[in-house]
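Welcome, and please open your viewer before reading on. We will go from one selection to the next, with a short note at each stop.

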Number of protein chains: 2
Amino acid sequence: MDSVKLYENSLLYIVKEDSEIPWLKIFSKQNCKELSDCDKQTRERLFNVVLIVEKTMIEYYKPEKINIAIFGNYLPKLHIHIMARFKNDSHFPEPMWGKKQRDSKLKLPDFDTFIKLLLEKL
Amino acid sequence: MDSVKLYENSLLYIVKEDSEIPWLKIFSKQNCKELSDCDKQTRERLFNVVLIVEKTMIEYYKPEKINIAIFGNYLPKLHIHIMARFKNDSHFPEPMWGKKQRDSKLKLPDFDTFIKLLLEKL
């Protein structure tokens with residue numbers, strides 16, 4: 001499924017993962033499999049955007065913890081997962097790829113407002 | 001359990017995760033919960049070490065994919081997991097936190113030689 005790009009610049013774009021939690025994926029436009037395959041400019045911009053997303057998630061959602069992952073085992077096209085985690089989400093404290101702990105009854109503030117805030121910072 | 005430090009400088013240290021795969025954890029010495037809580041110098045050094053570990057793992061082990069994760073849901077002390085993944089490891093293509101796929105029959109080159117190579121680069 002091709003997700004809608006929430007943000008895009010010359011080096012990368014951001015899409016939303018369909019999930020109960022706030023979960024974004026940042027894709028490199030440069031065709032690289034691993035972080036070290038990217039050019040320095042792309043890598044620095046990726047890290048920079050990760051930090052901005054993290055800080056905006058913390059500010060807006062006040063999560064228990066931010067989780068970040070670079071896997072790409074199924075899709076070897078460099079992308080970074082960034083997730084806001086909450087004590088009562090379905091998997092906490094397990095990673096979202098781990099064993100489900102409970103049915104989630106998360107009630108979170110509006111996602112569109114979060115994206116609006118994020119776009120102002122990017 | 002307090003693992004043996006494989007490497008240490010003024011900002012961070014590296015320990016081995018006990019696993020079938022090559023799996024290192026890089027800990028920030030600065031007491032921070034999230035990446036964005038760290039000072040810039042620590043963060044840049046962490047990223048730099050991640051890249052060196054990744055490149056050395058690729059060179060030495062020729063893995064299918066490198067996996068990187070920052071969770072800290074159980075232990076809110078900033079650390080970065082970096083793993084070399086192989087098609088026939090116990091979980092591939094799932095993350096190491098996901099569902100086990102098979103019994104692993106991995107035969108990998110010597111870990112001590114990998115660490116020797118890594119220390120030369122750090």
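What follows is a walk through the two chains, their contact and a few local details.

**Before you click**

This is a predicted model, in which local features need pLDDT of at least 70, side-chain atom pairs count only at pLDDT 80 or more, and totals for chains, interfaces and linings use all residues. Residues are numbered from 1 along each chain as its sequence is written, while chains are lettered from A and ligands numbered from 1 in the order in which they are written.

**Stop 1: colour by confidence**

Chain A averages 96, and 98% of its residues score at least 70. Where pLDDT is low, the predicted coordinates should not be read in detail. For the model, ipTM is 0.96 and pTM is 0.96.

**Stop 2: the two chains together**

**Stop 3: where the chains meet**

Keep both chains on screen and look at their contact. Two residues are in contact if their C-beta atoms, placed from the backbone, lie within 7 Å. Chain B gives 26 residues to the contact and chain A gives 26 residues. On the side of chain B that touches chain A, H1 and strand S4 (65-70) each supply at least two residues, and S4(B) gives the most, with six residues. Helices (H or I, at least four residues) and strands (E, at least two) are DSSP runs, numbered from the N terminus.

Colour that side of chain B by class and you will find 15 nonpolar, five polar and six charged residues. Here Ala, Val, Leu, Ile, Met, Phe, Trp, Tyr, Cys and Pro count as nonpolar, Asp, Glu, Lys and Arg as charged, and the others, Gly among them, as polar. The copies meet through the same surface, because 100% of the interface residues of chain B are also interface residues in chain A.

**Stop 4: two helices in chain B**

Select helix H1 (residues 40-61) and helix H2 (residues 111-121) of chain B, which pack at an angle of about 140° with their axes 10 Å apart. That makes H1(B) oblique to H2(B). Axes are lines fitted to C-alpha atoms, for helices over the stretch in contact, and angles run from 0 to 180 degrees between N-to-C directions. Angles under 35 degrees count as roughly parallel, over 145 as roughly antiparallel, 65 to 115 as roughly perpendicular and the rest as oblique.

Show side chains next: B:Ile52, B:Val53, B:Thr56 and B:Tyr60 of H1(B) meet B:Phe114, B:Leu117, B:Leu118 and B:Lys121 of H2(B). By class, this contact has six nonpolar, one polar and one charged residues.

**Stop 5: backbone details**

Most residues other than glycine have a negative phi, and most peptide bonds are trans. Zoom in on A:Lys62, which is not a glycine but has a positive phi of about 45°. A:Lys62 sits in the loop between helix H1 (40-61) and strand S4 (65-70) of chain A.

Then find A:Phe92 and A:Pro93, joined by a cis peptide bond with omega near 5°. A:Pro93 is in the loop between strand S5 (79-85) and helix H2 (111-121) of chain A. In chain B, the bond between B:Phe92 and B:Pro93 is cis, with omega about 5°.

How values were computed:
pLDDT = per-residue confidence, 0-100.
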